[in-house]
Structures are given as structure tokens and as C-alpha cells.
Amino acid sequence: MTLLDLANPTKFLSLTARVLPWLAGATAIVLLIGLYQSAMAPDDYQQRATVKIMFIHVPNAWLSMFVWGVMSLSALGTLVWRHPLADVAAKAAAPIGAAFTFLALVTGSLWGKPMWGTYWEWDARLTSVLILFLMYLGLIALWRAVDDPSRAARAAAILTLVGALNLPIIKFSVDWWNTLHQPASVMRMGGPSLDKAFLIPLLVMAVGFSLLFVTLHLAAMRNEILRRRVRALQMMQASKPAA
Amino acid sequence: MTALAALIRRDIKIALRVGGGALIGVLFFLTVTVLMPFAIGPDLALLTRLGPAILWLGALLASLLTLDRLFTADHDDGSLDLIVMGRTPLELACAAKALAHWLAAGLPLVIATPVLGLLLNLDASATAAVALTLLVGTPALTFTGMIGAALAVTLHRGGLLLAVLVLPLSIPVLIFGVAASQAAISGPLSFGTPFSILCALSLVSFVIGPFAAAASLRHGLD
């Protein structure tokens, strides 16, 4: 089974139909274990129970960037290899990535309120994640602005790749801007290394959320393929001369 | 080479003649700058502090406003198809079009800056700093904006979509443009560091912009 075999949407549909229940089950099990471990994790001596927001926040933040990577690979697939499923993958990934980014922002803001005393801080990390969220929304707007999927796919692929080139530059400039404006930041990430009691649940949750992404992504791709078939059938129906 | 020169000459001519609308950008720039004191208040000291940021925001919005014209007129009358099919590499043709667009719509913004600096109570050195950063930074805005313009023209959707796609990409230019101007006026940092990064951003956009715009035109126009 290679990537080329999957180019046939029917084969893709039948394969995913077999794989998806297992994936969904594995996701549920890993997430349940992760949630149990997170609930059982000890409170931080400084942050108390709020530290547990981390178990949701960090996997979402990591996926917010990972999904853009997936979309960039799909964009290459669209532009270079013209893989028929690449644009389906890219289109299906965008709203999921936006949702993960949004959750990362919301959980981060809820974590920020008790820790820093404010929901929003113009911290470098927060700002660049917010810009990432804006770029996801722009991409979704582009997908929704055009009714012809293959035309929208190529435009979105170019925008995704330009975004992938630009995101490191944006990250760098926001970091620079931030150190200029507030030298002593409230946030000290990566300062004290994580204790094992926190690290293991965090890794389990990261795996669980990654599985969740794969499951949702495959399901969304199936939906997109079926939606395109319905659209093609409707077009055929409409163009049929009235008998 | 002659083809590119002819393309640049033609684009500038069209932009400057009646209906070209290149100078509307400058008028918009002026209007936005005049609006700011109404929102902020006529406090001259405050305006001096915010001046570089206001000028940069105004220039960013003005260049965004004119971007729509980069490809749409040529697409409407069919000359864009000729450019795409021509023997000149499309990347170079895109770069030439962006250069012409900058000369007609971007450079006037830089020239107007000293006058607007007077309105915002900026002294001569501060105005010179802002004008210099705009001179280096506006080409980056045009060349990255060109990607959005090319996408918009292939999708037959301009306006708001273009703005939403282009604005996040111009954040680095805005950050370093304002930082360099502030550094020249008051900042603890030296002017050189942010200014050279701004130059670097422009140079990067000269490479990425034409290639991405050409790819988008080639894939999109069929």
C-alpha cells in the first residue's frame, strides 16, 4: 500500500472505513488514560491545581503548528505531484488546525488569568499563536470564497506554502518586538525542567491529541470526498437536458 | 530586457493617467493621517510619540488599498493572459509589474511622508528616519502583497479577502519599520539593527513574491 494507491478515492474510502473505528477507539483509550493521569498528577507547589491546564494547553499548542506542517506537505502534494487527495487533506485540515489553535489560545488565556492576573498578555508566544490563528482563518476564508474546489486548492496551496515560509519570520520578529517592549516577561517557559510526575501525563495527552487529530482528519477527508461526489452528481443532474 | 522595460513603462503610464488611480493611495494616506488626531486628540507631544506608528500604519493601509489594481485591470482586458503566455519568464514579468506598481503607488507615499510628518509634529531627523524606513520597507509590502493580489485575481475575488490574506504576512515589515524609526528618534537600540533586518525582509520578499505570484497565476488562470 503506497501513497499512490491511495490516489484512488474509492480505495481511500474503503481503507479508512476499516481503520477509523480502531483509530477512534485508540484515541478514546489514550485520552482517557491521559485525563486520568492528569487528574491524579500532584499539584504544583506554586501554581496549585491550575498547572493541570497544561495537559490540555500544550498538546493543543503543539498540534496548532503540526497541522500547518501537514497542510504544507499536502500543498506540495497538490502543486508538485497533483495528488488527487492532497487538496482534500489540506482542506480538511484547516478547520481542525484552527480549532486546535483556538483551544490553545483559550486554555492559555484561562491559565493566564490566575497566574499572571490577566487573560491576555502581549507576550511573544501568545502573539505569534494569535497570528497563526488569523492565518488559519484567512486560509479557511480563501477555501470558502471559491466554489470550484480544484481552483481553490491551488490558491490555498500557494498561500499555505508562503505561510510556512513566513511563519518562522513572523515568530522571529514578534520575539524581537517583544523583547524590545517588555524586557522582563512574566512568562518563563522552559525555565525549570518538568518533573516526571507532569511529563508522563503530558506525553500521554500529546499522543492522545495527535491520535484525535488523525481520526478527525481522516473522517473530515471522507466527508469532503463524499461532499464532492454529491456536488458532482448534482452538477450532472443539473446539466442533463430536460427529457 | 526590453520587454520588461516596456512592461514597466506601460504600467507606470497607465497608473498615472486618468483612471489609473495610483495617486489615490497618497490621498488615502493623507486622510488616514489627518483622521488620527481626531481619534487621539490634538496633543502634540502624544502625536510625536505615536507619529512613526501612525505613518507606518497609514502607509500599510494605503499600499493595501492600491494592491487590488496590480493585476485586475490587466486580467479584465486580457493582457494578463498575454503576459502569462509570453516568452519572458513570468517570475520576471511579475517582478517588473510589482516594481512599476511600487514606483507609481509606493514611492509617492515615501515622498508624502515629510509633509505628513509636519502634521504629526515630528522633527526633521525623525521624519527623515520614517521616510527612510518607508523607502526600504514599502517595496516589501508591495512584493508580499503581490502574492495576495495574484491569488485574488485568479479567484475573481478582490477586496476584503486580499486584505485578510496579506495583512498577517506584513507584520514583520511593520514591526521592524516602526522599530527602526523609533530607534532613530528615541530608542535605546541602535538604528542599524532593525534597519538592516528591514532591508533583509525586503530582499527576501523580492525572491518569494514574484515566484509565489507567478506560480499562482500559472496554476490559476486556465
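Biologist: Where in chain B is B:Leu120 found?

Modeller: In this predicted model, B:Leu120 lies in the loop between α6 and α7 of chain B.

Biologist: And does B:Leu120 count as buried or exposed?

Modeller: B:Leu120 counts as buried, because 23 C-beta neighbours lie inside 10 Å, and the cut-off for that class is 20 or more.

Biologist: What is B:Leu120 in contact with, leaving aside its neighbours within four places in sequence?

Modeller: With those neighbours set aside, the contacts of B:Leu120 are B:Thr33, B:Leu47, B:Thr48, B:Gly51 and B:Ile54. As for B:Leu135, which is 15 residues away along the chain, its C-alpha atom is separated from that of B:Leu120 by 19 Å.

Biologist: What about B:Asn121, where is that one found?

Modeller: B:Asn121 is also in the loop between α6 and α7 of chain B, and although B:Asn121 is not a glycine, its phi is positive, at about 65°. B:Asn121 counts as partly exposed, because it has 17 C-beta neighbours inside 10 Å, whereas B:Leu120 counts as buried.

Biologist: Which residue of chain A has a positive phi although it is not a glycine?

Modeller: A:Arg82 is one, with a positive phi of about 50°. A:Arg82 sits in the loop between α2 (54–81) and α3 (86–116) of chain A, and it is partly exposed, because 13 other C-beta atoms lie within 10 Å.

Biologist: Back to chain B, then. At what angle do α6(B) and α7(B) pack?

Modeller: The angle between α6(B) and α7(B) is about 155°, and their axes are 9 Å apart. Angles over 145 degrees count as roughly antiparallel, and α6(B) and α7(B) are therefore roughly antiparallel to each other. The crossing in which α6(B) passes α7(B) is right-handed.

Biologist: Which residues in α6(B) and α7(B) meet?

Modeller: From α6(B) the contact takes B:Cys94, B:Ala98, B:His101, B:Trp102, B:Gly106, B:Leu109, B:Val110, B:Thr113, B:Pro114 and B:Gly117, and these meet residues in α7(B) including B:Ala126, B:Val130, B:Leu134, B:Leu135, B:Phe143 and B:Met146. By class, the contact of α6(B) with α7(B) has 14 nonpolar and seven polar residues, with no charged residues.

Biologist: How about α1 and α6 of chain B, at what angle do their axes cross?

Modeller: The axes of helix α1 (residues 2–16) and helix α6 (residues 90–119) of chain B cross at roughly 35° and come within 9 Å, and the crossing of α1(B) and α6(B) is right-handed. On the side of α1(B), the residues are B:Leu4, B:Leu7, B:Ile8, B:Asp11, B:Ile12, B:Ala15 and B:Leu16, and among those they meet in α6(B) are B:Leu92, B:Ala96, B:Lys97, B:His101 and B:Leu103. The residues of the contact of α1(B) with α6(B) divide into 14 nonpolar, one polar and two charged. B:His101 takes part in the contact of α6(B) with α1(B) and also in that of α6(B) with α7(B).

Biologist: How many helices and strands has chain B?

Modeller: Chain B has ten helices and zero strands. Its radius of gyration is 18 Å, close to the 17 Å that the globule rule gives for 222 residues, so chain B is as compact as a globular protein of that length. The C-alpha atoms of chain B fill a box of roughly 55 × 35 × 30 Å along the principal axes, and 50% of the 222 residues of chain B count as buried. Among contacts in chain B between residues at least 6 apart in sequence, 80% join residues at least 24 apart.

Biologist: And chain A, how many helices and strands there?

Modeller: Chain A has six helices and zero strands, and buried residues make up 33% of its 243 residues. Of the contacts in chain A with a separation of 6 or more, 80% are accounted for by residues 24 or more positions apart.

Biologist: Last topic: how many residues does the contact take from chain B and from chain A?

Modeller: The contact takes 22 residues from chain B and 21 residues from chain A. On the side of chain B that touches chain A, α7 (124–155), α8 (160–169), α9 (171–185) and α10 (192–220) of chain B each supply at least two residues, and α10(B) gives the most, with six residues. By class, that side of chain B has 17 nonpolar residues, four polar and one charged.

Technical notes: Residues numbered from 1 in each chain as written. Chains lettered and ligands numbered in written order. Predicted model: local features only at pLDDT ≥ 70, side-chain atom pairs only at ≥ 80, totals over all residues. Contact = placed C-beta atoms within 7 Å. Helix = DSSP H or I, 4+ residues; strand = E, 2+ residues; numbered from the N terminus. Nonpolar A, V, L, I, M, F, W, Y, C, P; charged D, E, K, R; others polar. Rg over C-alpha atoms; globule rule 2.2 N^0.38 Å. Buried ≥ 20, exposed ≤ 12 C-beta atoms within 10 Å, placed from the backbone. Axes fitted to C-alpha atoms, helices over the stretch in contact; angles between N-to-C directions. Left-handed = near helix turned anticlockwise from the far one by under 90°. Parallel < 35°, antiparallel > 145°, perpendicular 65-115°, else oblique.
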